[in-house]
Amino acid sequence: MTLQEAMKQRHTVRKYKDTPLPADIVGKLNDRVTQNNQGHGLNIKLITNDGGAIPGFLKALMTKGVKNYFLLAGPDEPGVDEKLGYCSADIMLYAQTLGLNTWWVGGMYSKSNAQKLAGAGNKVIGVVVVGYGLEQGTPHKSKSAAEVSSYDGTAPDWFNAGVEAALLAPTAMNHQSFTIKGSGNRVSMTYPDIAFAGADLGISKYHFELGAGKENFVWE
């Protein structure tokens with residue numbers, strides 16, 4: 001499965017089988033984490049067999065079997081939220097290619113536990129639960145391309161493909177609050193000043209690049 005195929009198949013999954021991640025899968029996930037950390041100066045960690053990520057009352061209400069997750073952490077400096085969002089998108093889709101399911105969690109996790117694992121000087125913006133889902137999830141409600149994008153003139157195929165890919169990205173509360181504008185080979189993406197805007201921007205940019213092809217445009 002390619003990342004492009006994974007992008008179309010991945011949906012949020014909150015309930016998981018009680019199946020440990022095999023050692024070879026853990027190794028592949030850690031290798032991907034290392035690539036992202038080294039490429040973007042982050043400190044993302046894969047935590048396995050830890051049932052303390054999600055508070056117990058939430059497990060009883062809406063989750064099950066949550067034991068493995070990526071800790072989204074990096075140096076507490078400007079721009080880190082967007083970097084973490086971008087890399088979390090890569091990790092989620094890579095996990096999907098390995099037959100795994102994921103859930104991006106921005107508020108319903110143990111922040112004290114996460115901060116201890118991250119260490120001093122690091123900012124934690126959320127966790128990405130990973131494992132074998134009890135089901136594959138369902139598509140989220142989506143806006144139309146016309147509602148979130150505009151192009152100066154006739155939009156090329158790569159721009160349209162990028163917008164459609166961005167609409168597949170998971171965003172906070174599925175609000176899809178981004179605005180994408182294109183002119184020639186230049187593209188801009190903006191978010192209003194809302195909760196998780198930085199992370200959502202990074203996730204959505206990653207998806208746009210995957211759909212459009214990074215060789216076809218430059219970010220403004």
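Contact means heavy atoms within 4.5 Å. The model shown in these close-ups is predicted.

**View 1. Thr171 in the loop between helix 7 and strand 6.**
Thr171 touches Gln176, Tyr191, Asp200 and Ser204, with residues up to four places away in sequence not counted. The loop that holds Thr171 runs between helix 7 (157-166) and strand 6 (179-183). Thr171 has a relative accessible area of 8% and is therefore buried, the cut-off being under 20%. The side chain of Thr171 also reaches the backbone nitrogen of His175, at 3.5 Å.

**View 2. Gln176 and Phe196, two residues with positive phi.**
Gln176 is found in the loop between helix 7 and strand 6. Its phi is near 50°, a positive value in a residue other than glycine. With 1% relative accessibility, Gln176 counts as buried. Gln176 is among the residues touched by Thr171. Phe196 lies in the loop between strand 7 (186-190) and helix 8. Phe196 is not a glycine either, yet its phi is positive, at about 65°. The relative accessible area of Phe196 is 33%, so Phe196 is partly exposed.

**View 3. Packing of helix 7 with helix 8.**
The axes of helix 7 and helix 8 (residues 197-212) come within 7 Å and cross at roughly 140°. Helix 7 is therefore oblique to helix 8. The crossing is right-handed. Helix 7 contributes Trp158, Phe159, Ala161, Gly162, Val163, Ala165 and Ala166 to the contact, and helix 8 contributes Ser204, His207, Phe208, Gly211 and Ala212. These residues divide into 8 nonpolar, 4 polar and no charged. Ser204 of helix 8 is in contact with helix 7 here and is also touched by Thr171.

**View 4. Packing of helix 4 with helix 8.**
Helix 4 and helix 8 have axes that come within 6 Å and cross at roughly 50°. This angle makes helix 4 oblique to helix 8. Helix 4 passes helix 8 in a right-handed crossing. On the helix 4 side, the contact is made by Asp81, Glu82, Gly85, Tyr86, Ser88, Ala89, Asp90 and Leu93. On the helix 8 side, the residues are Gly198, Ala199, Leu201, Gly202, Ile203, Lys205, Tyr206, His207, Glu209 and Leu210. By class, the contact has 8 nonpolar, 5 polar and 5 charged residues. His207 of helix 8 is listed in this contact and in the contact with helix 7.

At 14% relative accessibility, Lys205 counts as buried. Leaving aside neighbours within four places in sequence, Lys205 is in contact with Glu82, Tyr86, Met189 and Trp219. Glu82 and Tyr86 belong to the helix 4 side of the contact between helix 4 and helix 8.

**View 5. Packing of helix 2 with helix 4.**
Helix 2 and helix 4 (residues 80-97) pack at an angle of about 155°, with their axes 10 Å apart. Helix 2 is therefore roughly antiparallel to helix 4. The crossing of helix 2 and helix 4 is right-handed. Lys28, Leu29, Arg32, Val33, Asn36 and His40 of helix 2 make the contact with Lys83, Tyr86, Cys87, Asp90, Ile91, Tyr94 and Ala95 of helix 4. By class there are 7 nonpolar, 2 polar and 4 charged residues. Tyr86 and Asp90 of helix 4 take part in this contact and in the contact with helix 8.

Thr12 lies in the loop between helix 1 (3-9) and helix 2 (23-40). Apart from neighbours within four places in sequence, Thr12 is in contact with Thr102, Trp103 and Gly137. Thr12 and Pro78 are 66 residues apart along the chain, and their C-alpha atoms are separated by 28 Å. Gly107 is in the loop between strand 3 (101-105) and helix 5 (111-118). Gly107 and Pro192, 85 residues apart in sequence, are 19 Å apart in space, C-alpha to C-alpha.

Conventions: Residues numbered from 1 in each chain as written. Predicted model: local features only at pLDDT ≥ 70, side-chain atom pairs only at ≥ 80, totals over all residues. Heavy atoms only, no water. Helix = DSSP H or I, 4+ residues; strand = E, 2+ residues; numbered from the N terminus. Buried < 20%, exposed > 50% of the residue type's maximum accessible area, 1.4 Å probe, protein only. Polar contact = N/O pair within 3.5 Å; in protein donor to acceptor, adjacent residues only side chain to side chain. Axes fitted to C-alpha atoms, helices over the stretch in contact; angles between N-to-C directions. Parallel < 35°, antiparallel > 145°, perpendicular 65-115°, else oblique. Left-handed = near helix turned anticlockwise from the far one by under 90°. Nonpolar A, V, L, I, M, F, W, Y, C, P; charged D, E, K, R; others polar.
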